[in-house]
Amino acid sequence: MHALFLPRLVNGPFEDPVLFIPFQFQRRALIFDLGDVSRLLPRDLLKISHGFVTHTHMDHFIGFDPLLRRLLGREKDLFLYGPAGFLANVEGKLAGYSWDLVDRLSCGLRLHLTEVHPDRLLCCSYSCGARFAADGDTVELPFTGRLHIEPAFEVSAVVLEHSIPCLGLALAERFHVNILKTGLEALALRPGPWLTRFKNALYAGADPSAEFEIEAGGGASDGRFVLGELQQKIARITAGQKIAYITDVGDTPSNRTAIVNFARHSDFLFIEAAFLHTEREHAASKHHLTARQAGEIAALAGARQFTILHFSPRYEGREPELVHEAQEAYQETLARMGRQHRA
Ligand SMILES: [Zn+2]
Ligand SMILES: [Zn+2]
C-alpha cells in the first residue's frame, strides 16, 4: 500500500546535494550527504537518526554545522558515517567552536562516528556533556559492506574513487509488507499505530503462532489475533525497495564495475551527471561522470528509475540537455543489452 521510505533530493541539481529519506508514518529519517540543508525544516533535521556522507568535500559536508546547531541541547544519539579521514574531519569541525558553556545546556547529544575503509571501520563516540571530547579509544571493526542493519532495512556502502575515497551508498528494505485494504475492511480494522507494530513483528521474524493484540481504536471488537493468521488476511509480502546514491566518481573501469554491482536492481538510483559527454576529458580530470556515463551505468545496473544530480554550474539553464543525454544513453544501453541477451 505504501513505501517504507520516501527519498527526496532536497535541492536543485546545481546546488549542494542532500538526499533526505524520511520513514513513512514515523518521526524518523536518514540522510545521504550533508550538503546545503537550509531547505530542510527544523522538524526534518530533528528526525535524522543516521547520516551518511559520501566524502568531505565542502559541497557534501557543509550541512554538518546547521545539523549540529539544531540538535544541540537535545537528548539524542546521532550516527554519522563517512570515508577515510572522517573522524579527523568531524573532530576538526568540533574543535572549531568553544564549548565552555555547554554544561549549562541539557547536554544529551551524543555523536557516534564511523569511518569507512575498504576492509575496516573505525568507530568513536563524542558527547556534548564532555564538550565533544572522544568518549574512549577508537574501536576497529571489520567491514564487509554493511554499515547499519535493522530488522526492516540495511544501509550498505562501497568505497569508490573520486580524487579522494568516496562512498557509494544504498538503502535496502529487507522485504516489503503491503497492507491490503480489503483485508482490513473484511475484519473491520482501522489503520493505526498498531500497523507499525504489526510490521515490526514480521520484520523481527516473530513466531506466527504468537498472539497479536490490536488496541482499542483499531476497530476490532475482540483485539486478539494469531499473528500468522492476521498476516494471511491483511498483508502481502513483496520484494523490498532499494535506493542507491552515487556521486563524485570518475568513470574508471574499477568504479564502473563496483557501481554496477553495488546499485544492481535498485528501484531508485540517484547518480551524478556533472558534465555533458562532449566534455568527458574534463569530467575525467575532475573525477566526475558525464550524463551519458550516468545513463549507461543506470542501465547496466538494471536500475528501474534513475535521477541525475550535481550538475556543473556551466550548464545553468541547460538542464534538459543533461537529462536528455542520460535518458538516451539509458535507453540505448538497455536496447543493446536486450540484443546481446537474445543473440
Ligand atoms: Zn561534489
Ligand atoms: Zn567531490
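This tour visits a zinc site and one of its histidines in a predicted model.

Begin by selecting the zinc ion (ligand 2). Four residues coordinate this ion: H55 through NE2, H57 through ND1, H162 through NE2 and D248 through OD, at 2.2 to 2.3 Å. Along the sequence, these donor residues follow the spacing H-x1-H-x104-H-x85-D.

Next, display the angles among the four donor atoms of the zinc ion (ligand 2). They run from 88 to 171 degrees, and the site is irregular. The site is not counted as tetrahedral, because that would require all angles to lie between 85 and 135 degrees.

D248 forms a bridge between the zinc ion (ligand 2) and the zinc ion (ligand 1), and the two ions lie 3.6 Å apart.

Is H55 buried or exposed? H55 is buried, as its relative accessible area is 0%. H57, by contrast, is partly exposed, with a relative accessible area of 29%. The side chains of H55 and H57 make a polar contact at 3.2 Å.

Finally, show the surroundings of H55. Leaving aside residues up to four places away in sequence, H55 touches D33, H60, F61, P83, H162, I164, P165, C166 and D248. Among these contacts, H162 and D248 also coordinate the zinc ion (ligand 2).

How values were computed. Residues are numbered from 1 along each chain as its sequence is written. Chains are lettered from A and ligands numbered from 1 in the order in which they are written. This is a predicted model: local features need pLDDT of at least 70, side-chain atom pairs count only at pLDDT 80 or more; totals for chains, interfaces and linings use all residues. Side-chain values use heavy atoms; hydrogens and water are left out. Donors are N, O and S atoms within 2.8 Å of the metal (3.2 Å for Na, K and Ca); water is not among the atoms, so sites may look incomplete. Four donors count as tetrahedral if all angles lie between 85 and 135 degrees; four count as square planar and six as octahedral if opposite donors are over 155 degrees apart and all others between 65 and 115; anything else is irregular. Buried means under 20% relative accessible area, exposed over 50%, partly exposed in between (1.4 Å probe, protein chains only). A polar contact is a pair of N or O atoms within 3.5 Å; within protein, one must be able to donate a hydrogen and the other to accept it, and residues adjacent in sequence count only if both atoms are side-chain atoms. Contact means heavy atoms within 4.5 Å.
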